[in-house]
Amino acid sequence: MNIQRPILGALLLLAALAWQPTALAQPASAPAASAPAAAASAPAPAPMPRPDQYSAKGADTCLGCHDDEGATYSAAAIFKTKHGHRGDKRSPFGASGLQCEACHGPGALHARAKKASAINTFKADSKVSLEDRNQICLTCHEGTSRTGWHAGTHERNKVACTDCHKIHQPQGDPVLAKTTEAQVCLACHKDQRSDFLKPSSHPVRQGLMSCSGCHSPHGSTAQAMLNKPTLNQTCYSCHADKRGPLLWEHQPVAEDCSLCHTPHGSVRPALLAKTPPLLCQQCHSSAGHPSVARTSNTLPGGTSGGAVFTIAGSCTNCHSQVHGSNHPSGAKLMR
Ligand code: HEC
Ligand code: HEC
Ligand code: HEC
Ligand code: HEC
Ligand code: HEC
Ligand code: HEC
Ligand code: HEC
Ligand code: HEC
Ligand code: HEC
Ligand code: HEC
């Protein structure tokens, strides 16, 4: 592969500054500086790499040994991605970019020693700490959806960018495709894996939507890192018909969809959290109303009562407009 020699000494030094995140003039966004509680125990910033710590011929040096193709690594793969875009000056392979070393850090010593311990491998046992590994990516990607990263549950639970993102995969980064994203998430989120296998579920398994249809995996200030400030707003982004305005509102619907629905999966139809009439009777009295369905005991000829109207759909046999009604006489949510 014919990669141009990266840069002149001066540019190299500039780029070296850019690579070393803690040296950047962005005190406000540096985690240690903005978290007073952690300040006392925060490690001193790592010393800035000298230009001669970078390999002499950039990617050409690395590819001299790492030109192999495998299941998790392909030297050619990165040149097909946006990171390998040589016309984009923001990318590692853009003009004056540090190429492989933009992510892996200075590699001259490694190229001599040929030891994994001498370079940032992005693995759990890498010589570079998890925070610093994430900061390498954030240096170029602090903006857009990562503005919530430091508020998010994943950052707090020590999840790395590279737990989700694959940079060298021959088939591309699986987490970026709607059909393969969920598999990445479900590798850690086992409970959700079983939820999505239940008879009624959001069509994630079918590849019609993905976890990020509802969640911001990079973090958000909303409950459960939802995409919108509230749970209902998140649901309205696809189920706009449930938002109204309605002539006859059903109060719990406007308040919180999860009073009746589970978001991921349920053994009941329509993702219901409980089966009617119990679902409804959490809030409504069962007295003075058809509320007990006929069972084998209560069918005609049986010993006690029971209403035929509450079989199957139960309350919704009559109150079919549980989400609210726009009919002039829909006050009781029946039409
Ligand atoms: C002279 C050959 C040589 C050169 C040049 C070289 N490497 Fe390596 N590299 C190796 C060897 C050998 C290993 C495996 C070491 C081990 O398993 O302990 C390795 C391991 C690695 C690993 C860790 C792989 C793993 O499985 O954990 C990374 C990442 C890496 N090199 C990146 C680079 C980068 C980036 C460059 C250019 C700056 C580079 N290498 C230049 C020989 C080289
Ligand atoms: C945008 C950041 C980035 C750039 C640029 C980059 N890498 Fe990597 N590299 C990674 C990450 C992250 C991993 C960890 C595995 C993964 O996510 O695919 C990795 C893993 C590796 C590994 C270990 C592969 C394995 O089997 O686990 C080698 C070797 C490697 N990179 C070499 C290179 C070489 C050579 C270049 C330049 C041609 C390069 N990398 C450019 C981010 C980068
Ligand atoms: C030197 C800057 C730089 C570094 C370091 C860097 N990236 Fe990027 N990355 C870019 C640029 C530039 C793009 C293309 C952005 C665009 O087109 O909007 C990009 C694109 C991406 C994309 C989107 C790819 C796509 O196909 O849409 C992902 C995901 C990504 N980077 C993850 C990472 C991760 C994870 C790391 C750390 C291992 C990292 N990047 C390190 C510059 C960088
Ligand atoms: C929990 C998994 C997960 C983690 C951890 C994660 N990402 Fe992502 N990332 C995704 C998913 C899913 C997408 C595609 C959907 C989206 O944009 O929300 C994505 C998209 C991206 C993109 C391309 C789209 C865009 O927003 O520009 C970039 C760049 C990116 N991530 C960078 C990062 C960086 C940097 C980190 C670490 C600070 C990181 N990601 C950590 C899952 C993750
Ligand atoms: C490397 C493991 C890992 C991967 C991969 C991962 N997560 Fe997580 N996630 C965690 C951990 C750890 C927590 C915090 C503990 C918990 O709630 O289980 C968490 C928490 C969450 C939460 C709860 C947030 C809160 O504030 O309650 C959501 C939502 C979430 N992850 C979504 C995702 C999505 C979507 C993906 C895929 C794009 C994903 N995760 C991939 C490890 C992971
Ligand atoms: C239809 C929207 C939607 C989709 C799709 C979705 N989630 Fe959720 N998720 C939610 C809501 C809403 C909550 C909050 C539940 C609560 O707090 O009552 C949540 C909560 C979570 C939690 C926190 C723990 C919990 O159960 O309360 C995790 C972890 C999680 N989701 C992971 C995932 C993963 C992984 C995927 C993809 C496989 C996914 N979610 C897909 C809406 C969704
Ligand atoms: C990204 C879009 C999207 C978001 C956001 C979303 N849904 Fe859905 N929802 C769907 C799709 C697609 C279906 C399947 C529709 C179909 O099969 O016709 C669906 C189906 C449903 C169903 C019927 C399931 C069944 O088995 O009949 C319920 C109930 C539901 N969603 C509730 C919610 C709730 C509650 C929220 C908010 C936590 C939510 N949805 C957020 C896309 C979304
Ligand atoms: C009071 C309980 C309750 C609340 C609260 C509720 N639902 Fe429902 N929902 C139901 C019932 C019961 C069904 C099954 C309807 C049927 O059997 O006809 C249903 C069915 C659905 C369906 C599938 C059928 C259809 O009408 O498209 C969707 C989608 C849905 N709900 C979305 C939502 C959303 C979004 C919210 C929040 C804005 C919400 N629901 C709040 C009780 C509720
Ligand atoms: C989380 C509590 C809650 C659940 C669950 C719930 N409701 Fe309601 N429902 C209410 C509230 C609150 C009102 C408004 C009462 C009022 O205005 O006096 C209401 C009003 C109604 C009304 C109109 C009453 C009137 O006087 O106009 C009907 C009919 C109704 N609900 C049926 C149902 C059915 C059927 C279900 C089950 C599918 C259900 N509700 C589940 C809380 C709930
Ligand atoms: C056979 C049809 C039918 C079934 C089944 C039914 N309802 Fe009703 N419901 C009605 C009628 C008719 C009214 C209006 C009574 C009125 O206007 O005086 C009503 C009124 C209501 C009201 C308004 C307050 C009241 O008592 O007037 C609530 C709340 C309600 N029903 C809840 C339920 C719940 C919960 C269930 C299931 C356990 C249920 N209904 C099953 C026919 C039904």
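Mentor: Let us begin with a helix: helix 10 provides the largest share of the shell around ligand 5, namely three residues. Before going on, please keep in mind that this is a predicted model, in which local features need pLDDT of at least 70 and side-chain atom pairs count only at pLDDT 80 or more, while totals for chains, interfaces and linings use all residues. Residues are numbered from 1 along each chain as its sequence is written, and chains are lettered from A and ligands numbered from 1 in the order in which they are written.

Which residues come nearest to ligand 5? There are 19 residues around this ligand, and Thr-153, Asn-157, Cys-185, Cys-188 and Cys-211 come nearest. A residue counts as near if its C-beta atom, placed from the backbone, lies within 6 Å of the molecule. Helix 8 (153-156), helix 9 (161-164) and helix 10 each give at least two residues to the shell around ligand 5. Helices here are DSSP runs of H or I with at least four residues, strands are runs of E with at least two, and both are numbered from the N terminus. By residue type, the shell around ligand 5 holds eleven nonpolar, six polar and two charged residues.

Now turn to ligand 6. The ligand has 20 residues around it, and the closest are Cys-185, Cys-211, Cys-214, Ala-224 and Pro-263. Helix 10 (residues 178-186) gives the most to the shell around ligand 6, with three residues. The makeup of the ligand 6 shell is twelve nonpolar, eight polar and no charged residues. Domain 1 (134-225) and domain 2 (231-317) each contribute at least three residues to the shell around ligand 6, with domain bounds that come from an automatic or database domain assignment.

The backbone deserves a look as well. Most residues other than glycine have a negative phi, and most peptide bonds are trans. Met-225, though not a glycine, has a positive phi of about 50°. This residue sits in the loop between strand 1 (200-201) and helix 12. Is Met-225 buried or exposed? Met-225 counts as buried because it has 20 C-beta neighbours inside 10 Å; the cut-offs are 20 or more other C-beta atoms within 10 Å for buried, 12 or fewer for exposed, and partly exposed in between, with C-beta atoms placed from the backbone.

Ser-96 also has a positive phi, about 65°, without being a glycine. Its loop runs between helix 4 (59-65) and helix 5 (100-104). Ser-96 is partly exposed because 14 other C-beta atoms lie within 10 Å.

The bond from Gly-244 to Pro-245 is cis, with omega near 5°, and Pro-245 belongs to the loop between helix 12 (231-236) and helix 13 (251-255). The bond from Pro-276 to Pro-277 is cis, with omega near 5°, and Pro-277 is placed in the loop between strand 2 (265-266) and helix 14 (278-281).

Finally, step back to the whole. The protein chain has 14 helices and two strands, and buried residues make up 21% of its 335 residues.

Notes. Nonpolar A, V, L, I, M, F, W, Y, C, P; charged D, E, K, R; others polar.
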